[in-house]
Amino acid sequence: MRPVSPKEIERMVGVIHGKFNAIQMQLKQSTCEAVMTLRSRFLDARRKRRNFSKQATEVLNEYFYSHLSNPYPSEEAKEELARKGGITVSQVSNWFGNKRIRIKRTWGSFKKRLPFILLNGSRTPPKSGPEEPG
């Protein structure tokens with residue numbers, strides 16, 4: 001066996017370092033690409049808004065309108081509604097929260113217009129301003 005000179009050792013260490021750096025760079029790039037792909041898929045899945053199926057909406061509306069005096073289903077009722085509609089309990093809870101808000105908003109708007117509807121059949125209040133001489 002012949003002795004290895006310090007120059008040869010230095011050259012081989014340089015080659016090993018070069019290969020190591022190249023592999024390290026490839027690993028960083030592939031990891032970064034994988035992370036970006038996963039991030040993109042995750043964000044795309046969150047952004048897509050899908051309406052419930054017709055059956056799910058019917059099940060939820062049926063319960064809501066048959067319990068208008070107290071439209072707050074128990075946890076057991078939520079689980080049953082989720083099972084019947086093919087959605088999650090969390091989706092049921094969110095749907096009821098949104099529905100109650102929409103109904104309150106609609107009812108508030110209707111109550112403001114009710115006197116005008118009863119008085120003259122108009123759906124909107126008369127415009128305020130100077131009256132025209134008749």
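Start with the aromatic cluster: select Tyr-63, Phe-64, Tyr-65, Trp-95 and Phe-96, which form one cluster. This is a predicted model, where local features need pLDDT of at least 70, side-chain atom pairs count only at pLDDT 80 or more, and totals for chains, interfaces and linings use all residues. Residues are numbered from 1 along each chain as its sequence is written, and side-chain values use heavy atoms, with hydrogens and water left out.

The structure holds five aromatic pairs. Rings of Phe, Tyr and Trp (its six-membered ring) pair if their centres lie within 6.5 Å; planes under 30 degrees apart are stacked, over 60 edge-to-face, the rest tilted.

Select Phe-64 and Trp-95. Their pair is edge-to-face, 6.2 Å centre to centre with 85° between the planes. Phe-64 sits in helix H2 (residues 54–66) and Trp-95 in helix H4, 31 residues apart. Helices here are DSSP runs (H or I, at least four residues), numbered from the N terminus.

Which residue lies over the face of Phe-64? Select Lys-99: it lies 5.8 Å from the ring centre. The cut-off for a charge over a ring is NZ of Lys or CZ of Arg within 6 Å of the ring centre and within 35 degrees of the ring normal.

Colour by accessibility next. Phe-64 is buried at 1% relative accessibility, and Trp-95 is buried at 13%. Buried means under 20% relative accessible area, with a 1.4 Å probe and protein chains only.

Notes:
Helices (H or I, at least four residues) and strands (E, at least two) are DSSP runs, numbered from the N terminus. Buried means under 20% relative accessible area, exposed over 50%, partly exposed in between (1.4 Å probe, protein chains only).
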